[in-house]
Amino acid sequence: MKNRFDLIIFDWDGTLMDSVDWIVHCIQQAAMRCECAVPTAQAVRDIVGLSIENAMKQLFPDEDSENRQKIATDYAQTFFTKQIGPEDLFPGVHDMLKQFRSQGYRLAVATGKKSKGLHAAINATGVADLFCTTRCADQTASKPNPLMLDEIILELGVDKQRTLMVGDSVHDLQMALNAHVASVGVTCGAHPAATLQKYNPLLCLNYPTDLIGII
């Protein structure tokens with residue numbers, strides 16, 4: 001895989017930032033407060049990477065749109081009560097991103113988060129300057145639609161064959177498949193290797209930092 005890629009696109013939650021357990025907690029708490037059936041932890045993990053609208057439809061199919069909006073609002077309010085800092089990135093992520101930039105890679109983020117939430121997170125964790133561009137679910141189509149990747153690739157003028165998507169969920173890897181982009185799965189977030197392998201990643205790694213020395 002050496003010298004095969006020019007652009008590395010990372011998912012955010014569960015890939016670069018250790019936030020999946022907090023997402024699970026916040027959604028379960030929101031469901032309880034809104035007096036809805038509380039989804040299991042795995043059910044919540046299964047929606048990580050989707051837009052909040054698609055996530056609510058999948059988690060609460062029996063609720064009407066008004067109730068799903070209430071749950072989403074409650075979830076967001078709880079999620080943002082946590083003070084985010086550099087320590088919320090997985091260990092070594094900041095140094096990895098700096099190293100990849102110094103080696104000439106172009107870096108981007110493709111996430112199911114809303115742009116306001118992503119910008120707050122990348123600024124709070126101190127990595128905003130390391131990315132060439134980002135795409136969020138409120139700016140384009142939700143994963144696994146490939147539009148997010150297509151837009152990043154077009155904006156940066158990089159060959160699709162020299163682009164790598166790195167993510168922790170089936171939605172990330174399905175999006176890469178749909179875009180005809182190579183992918184690497186990481187098991188530190190939403191889904192285990194056995195699940196991610198079904199989407200034909202080049203590799204499944206424990207953490208994104210395991211990419212160092214491989215590419």
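Rolling a probe the size of a water molecule over the atoms shows where empty space is left. In the predicted model, the largest pocket has a volume of about 620 Å³, and 28 residues line this pocket, with Ile-52, Tyr-75, Gly-112, Lys-113 and Lys-114 lying nearest its centre. Two or more lining residues are given by each of the helices α1 (20-33), α3 (52-59), α4 (65-79) and α6 (115-124), and the largest share, eight residues, comes from α4. When the lining is sorted by class, 13 residues are nonpolar, seven are polar and eight are charged. Both domain 1 (7-17 + 86-211) and domain 2 (20-80) take part in the lining of the largest pocket, each with at least three residues.

Helix α8, which spans residues 170-179, is mostly covered, seven of its ten residues being buried. The buried residues of α8 are Val-170, His-171, Asp-172, Leu-173, Met-175, Ala-176 and Ala-179. The cover over these residues includes the strands β2 (106-111), β4 (163-167) and β5 (182-186), together with the helices α7 and α9. Just after α8, the backbone takes a positive phi of about 60 degrees at His-180.

Further backbone features are found in loops. Most residues other than glycine have a negative phi, and most peptide bonds are trans. Against this background, Glu-35, although not a glycine, has a positive phi of about 60 degrees; Glu-35 is found in the loop between α1 and α2 (41-45), and this residue is exposed, with a relative accessible area of 75%. A positive phi of about 60 degrees is also computed for Asn-200, again a residue that is not a glycine. Asn-200 has its place in the loop between α9 (193-196) and β6 (203-205), and with a relative accessible area of 57% Asn-200 counts as exposed, because the cut-off for that term is over 50%.

The peptide bond that joins Lys-143 and Pro-144 is cis, with an omega of about 5 degrees. Pro-144 lies in the loop that runs between β3 (133-136) and α7 (147-156), and α7 is also among the elements that cover the buried residues of α8.

How values were computed
Residues numbered from 1 in each chain as written. Predicted model: local features only at pLDDT ≥ 70, side-chain atom pairs only at ≥ 80, totals over all residues. Heavy atoms only, no water. 1 Å grid on protein atoms, 1.4 Å probe; cavity = no way out; pocket = protein on both sides within 12 Å on 5 of 7 lines; lining within 4 Å. Points joined across faces, edges and corners; volume = space filled by probe spheres on them. Helix = DSSP H or I, 4+ residues; strand = E, 2+ residues; numbered from the N terminus. Nonpolar A, V, L, I, M, F, W, Y, C, P; charged D, E, K, R; others polar. Domains from an automatic or database assignment. Buried < 20%, exposed > 50% of the residue type's maximum accessible area, 1.4 Å probe, protein only. Contact = heavy atoms within 4.5 Å.
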